[in-house]
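Subject: Structure handover and notes

Hello,

Here is the structure I promised to pass on. Please open it first, then read the notes below beside it.

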Amino acid sequence: LNESSWQSAQVISDFMKPVTFEPAVSRTEARLLWDANALYIGFRAYDKDVWGYFEESDDTTCREDVLEVFVQPDPEKESYYNFEINVRGACLDAYHVKPRAGMGKRWTRWDCPGLKIATKVQGTVNEYEDEDTYWQLEVAIPFASLPSLDGRSPSAGDRWQFHLSRYDYSIYLEESPELTSCAPLTEVNYH
């Protein structure tokens, strides 16, 4: 995340708790970039207790430290995508064609071809006896892999909606897990 392209991107750092809108205890920073081929998301999640065991695609990664991306390319349509990614790079990816029409396997059968994920840890994963500093996540979501775009890339002036969120299960938090979001959510539901 220290490459010049990331450094020039606006930092999203106002992560807050749903409903109460209290600021996050564990700081999160995110950036978004895009080009003709993909949407890029970069996170830095400050965390004294980085952990994650899931390694398979579509594991229930939200049961451990995870960063999430929700993207809706067309706010006029109900469909959206979500990506839940842990420190090991395990990703639950889903294409929700119609919200509130079921969860789980119904939408996670879709896989995002060409999705690229990279993680980096400043600390030791799954060692709660020591204090970690942060973990980073970089994601590249190819536009060609998003069915609702019909092979198109976004154009200047297009309006997308997005939401970035985090689950932090640190032993150093008074209340764990800490769920936070860059959006002021009025209920505890990232969807």
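How many salt bridges does the structure hold? The count is 5. Bear in mind that this is a predicted model.

**Salt bridges**

Start with E29 and R27. Their side chains form a salt bridge, with 3.0 Å from N to O. E29 is buried because its relative accessible area is 16%, under the 20% limit. R27 is partly exposed, at 43% relative accessibility.

Next, E55 and R88. This salt bridge spans 3.6 Å, N to O. It ties together distant parts of the chain, the two residues being 33 residues apart. E55 sits in the loop between strand 2 and strand 3. R88 sits in the loop between strand 4 and strand 5. E55 is exposed, with 56% relative accessible area. R88 is partly exposed, at 40%.

Then look at R166. A salt bridge joins R166 to D168, with the closest N and O atoms 3.4 Å apart. Both of these residues are buried. D47 joins them too: D47, R166 and D168 make up a network of salt bridges.

**T28, a partner of R166**

R166 also has a polar contact with T28, side chain to side chain, at 2.8 Å. T28 belongs to strand 1, residues 28-34. Is T28 buried or exposed? It is buried, because its relative accessibility is 1% and the limit is 20%. Leaving out residues up to four places away in sequence, T28 touches I12, S13, F15, F43, R44, L67 and R166.

**Nonpolar cores**

F43 turns up again in the largest nonpolar core, which has 29 residues. The residues with the most contacts inside this core are F43, V69, F83, I141 and L164. Which strands each supply at least two of its residues? They are strand 2 (38-46), strand 3 (66-72), strand 4 (80-86), strand 5 (91-96) and strand 7 (134-142). In general, nonpolar side chains in soluble globular proteins tend to be buried together.

Beyond its neighbours within four places in sequence, V69 contacts I41, F43, Y81, N82, F83, I141, H163 and L164. A second core is separate and has 7 residues, among them V66, Y80, L179 and L185.

L115 lies in the loop between helix 2 (105-108) and strand 6 (116-122). Residues up to four places away aside, L115 touches F83, C91, V139, A140, I141 and P142. L115 and A38 are 77 residues apart in sequence, and their C-alpha atoms are 9.3 Å apart in space.

A183 is in the segment after strand 9. With residues up to four places away left out, A183 touches M16 and H163. A183 is partly exposed, at 21% relative accessibility. From A183 to D130 the gap is 53 residues in sequence and 32 Å in space, C-alpha to C-alpha.

**A surface patch**

Which residues form the nonpolar patch on the surface? They are Y128, I171 and Y172, with about 320 Å² of accessible area together. Y172 is in the loop between strand 8 (161-168) and strand 9 (178-181). Y172 counts as partly exposed, at 34% relative accessibility.

**Backbone points to check**

P177 is also in the loop between strand 8 and strand 9. The peptide bond between S176 and P177 is cis, with omega about 5°.

Two residues have positive phi without being glycine. V19 has a phi of about 70°. V19 is in the loop between helix 1 (4-7) and strand 1. V19 is partly exposed, with 45% relative accessible area. For D150, phi is near 50°. D150 is in the loop between strand 7 and strand 8. D150 is exposed, because its relative accessible area is 64% and the cut-off is 50%.

Best wishes

Key. Residues are numbered from 1 along each chain as its sequence is written. This is a predicted model: local features need pLDDT of at least 70, side-chain atom pairs count only at pLDDT 80 or more; totals for chains, interfaces and linings use all residues. Side-chain values use heavy atoms; hydrogens and water are left out. A nonpolar core is a set of buried Ala, Val, Leu, Ile, Met, Phe, Trp, Tyr and Cys residues joined through side-chain atoms within 4.5 Å. Buried means under 20% relative accessible area, exposed over 50%, partly exposed in between (1.4 Å probe, protein chains only). Helices (H or I, at least four residues) and strands (E, at least two) are DSSP runs, numbered from the N terminus. Contact means heavy atoms within 4.5 Å. A polar contact is a pair of N or O atoms within 3.5 Å; within protein, one must be able to donate a hydrogen and the other to accept it, and residues adjacent in sequence count only if both atoms are side-chain atoms. Patches are made of residues with over 30% relative accessible area and no salt bridge: like charges are joined within 9 Å, nonpolar side chains (Val, Leu, Ile, Met, Phe, Trp, Tyr) within 5 Å. Accessible areas come from the Shrake-Rupley method with a 1.4 Å probe; for residues, only the protein chains shown count as cover. A salt bridge is a side-chain nitrogen of Lys or Arg within 4 Å of a carboxyl oxygen of Asp or Glu.
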